[in-house]
Amino acid sequence: MVFRAGLMAFYLFFAGIAFAQGRIVVHDDLGNSVCLSGPATKVVSLYAGHSETLLAMGYGDRLVAVSQSDDGELFPGIPRLSRNFDPESIIALNPDLILSRPMLEGTHGRALDVLRRTGIPVVNLDPPVWTSLFDYVRTIGELFGDRDDVQVDLLARSIERLSIMAETRRAGGKKPVFFLETGEKGIRTCSPDSWAAGILELAGGVNGASDASPLREGSPLAPYGMERLIGITPTLDVYIVQQGAMNDVTEKSVYERPWIEILRGKRILFMDERDLSRPSVYRMESSVKRLTDFFFPEDL
C-alpha cells in the first residue's frame, strides 16, 4: 500500500507538471505514456463505447469521426469510418487524438502505427468493467482537460441517483434473481464484474449466476452450460435474453426452444445487447430505468 501511495503521489506530481506546462500525459491500457499538447479538440473514436461515453460527458462536439459500429443517429453529420479504414482518411481530418482500444492493435496495428508516425497521439483504453468505470472516466476527462475530476463526480452522482430510484421502486420488497443469456450456444452468461452485471445489479437485480467464470481473463462473457442453468432455475425470477451479434436469436426462436419449459413461470425480458453489454455511459441511465421498470412493475 505504501508503494502504491508513493506511486500515486509520483503520478499526480508528474501529471501536475504536465498540466502546468500545458501538456497532458496519460497512461493507457497498453502501458504507454501518451502526451497531448493540450486538451483534445478534434477526436477520432474507433470504438462505439468510447464515442457514446464522450457524448454523455459533453464532448460529442469534439468528435470528427466515429467507428463503423457507431449508431449514426447519435452522431449526425460526423463521418463513420469504414471497418478497414485507411489511415490517410484519418490524417485528412487533422485530429489531435485517436481514441482506440487494445484489441484493435491486433486487427489494425499497421494503420495505427502509420498514424503514430505522423505524430497523432493514439490512446488505447479497454472498455470498462464495472469496477474500472471511474478510472476510465477519469482518464477520458484528463484527455479533455478535466483536472478536477468533475466528470467522475458527475458520474458518481448519476449512479447514486439511479440506485436510489431502484431502491424506491423496490420499496422493501424482494430483489429479483436474474440470469442473463449472452449466448445461446452452450448457454453463456455475463462475467460477474462485467458492465452488464453492474447495470443489472444497479437496477436492483441479483445475479443468479454470480459463480460464473470469465471465458478468459477480462472477458465480459462467461460459459455456464445447460446443466448448471437447470440447477439454478428454481431460484430465478427473471430470465433476460440479450439480442444482437453475440446472441443472434429472436423472441420466436427462444420460445420454440425444446427446453423452454424449464423457464415456465419465469418472467422473460429481451434486450438489445448494445443497451446491456456495450460499456456506454450514454446508455446507462435509460437501460437502468428500463430494467427497474421490469424488475419492479408498478401494477404488481
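1. The model is a predicted one. H4 also has a kink of about 60°, centred on arginine 110.

2. The buried residues of H4 are Leu104, His108, Gly109, Ala111, Leu112 and Leu115. Residues three or four places apart in an α-helix point the same way, because there are 3.6 residues a turn. Helix H3 (87-91), strand S5 (97-100) and strand S6 (122-124) are among the elements that cover the buried residues of H4.

3. After H4 comes glycine 119, with a positive phi near 95°.

4. Helix H6 (residues 150-170) and helix H11 (residues 281-295) have axes that come within 10 Å and cross at roughly 5°. Angles under 35 degrees count as roughly parallel, so H6 and H11 are roughly parallel to each other. On the H6 side, the contact is made by Leu155, Ser158, Ile159, Arg161, Leu162, Met165, Ala166 and Arg169. H11 contributes Val281, Met284, Glu285, Val288, Lys289, Thr292 and Asp293.

5. On cysteines, the structure holds zero disulfides. Cysteine 35 has a relative accessible area of 37%, so it counts as partly exposed. Cysteine 190 is buried, because its relative accessibility is 1% and the cut-off for buried is under 20%.

Technical notes
Residues are numbered from 1 along each chain as its sequence is written. This is a predicted model: local features need pLDDT of at least 70, side-chain atom pairs count only at pLDDT 80 or more; totals for chains, interfaces and linings use all residues. Side-chain values use heavy atoms; hydrogens and water are left out. A disulfide is a pair of cysteine sulfur atoms within 2.5 Å. Buried means under 20% relative accessible area, exposed over 50%, partly exposed in between (1.4 Å probe, protein chains only). The bend at a residue is the angle between axes fitted to the seven residues ending there and the seven starting there. Helices (H or I, at least four residues) and strands (E, at least two) are DSSP runs, numbered from the N terminus. Contact means heavy atoms within 4.5 Å. Axes are lines fitted to C-alpha atoms, for helices over the stretch in contact, and angles run from 0 to 180 degrees between N-to-C directions. Angles under 35 degrees count as roughly parallel, over 145 as roughly antiparallel, 65 to 115 as roughly perpendicular and the rest as oblique.
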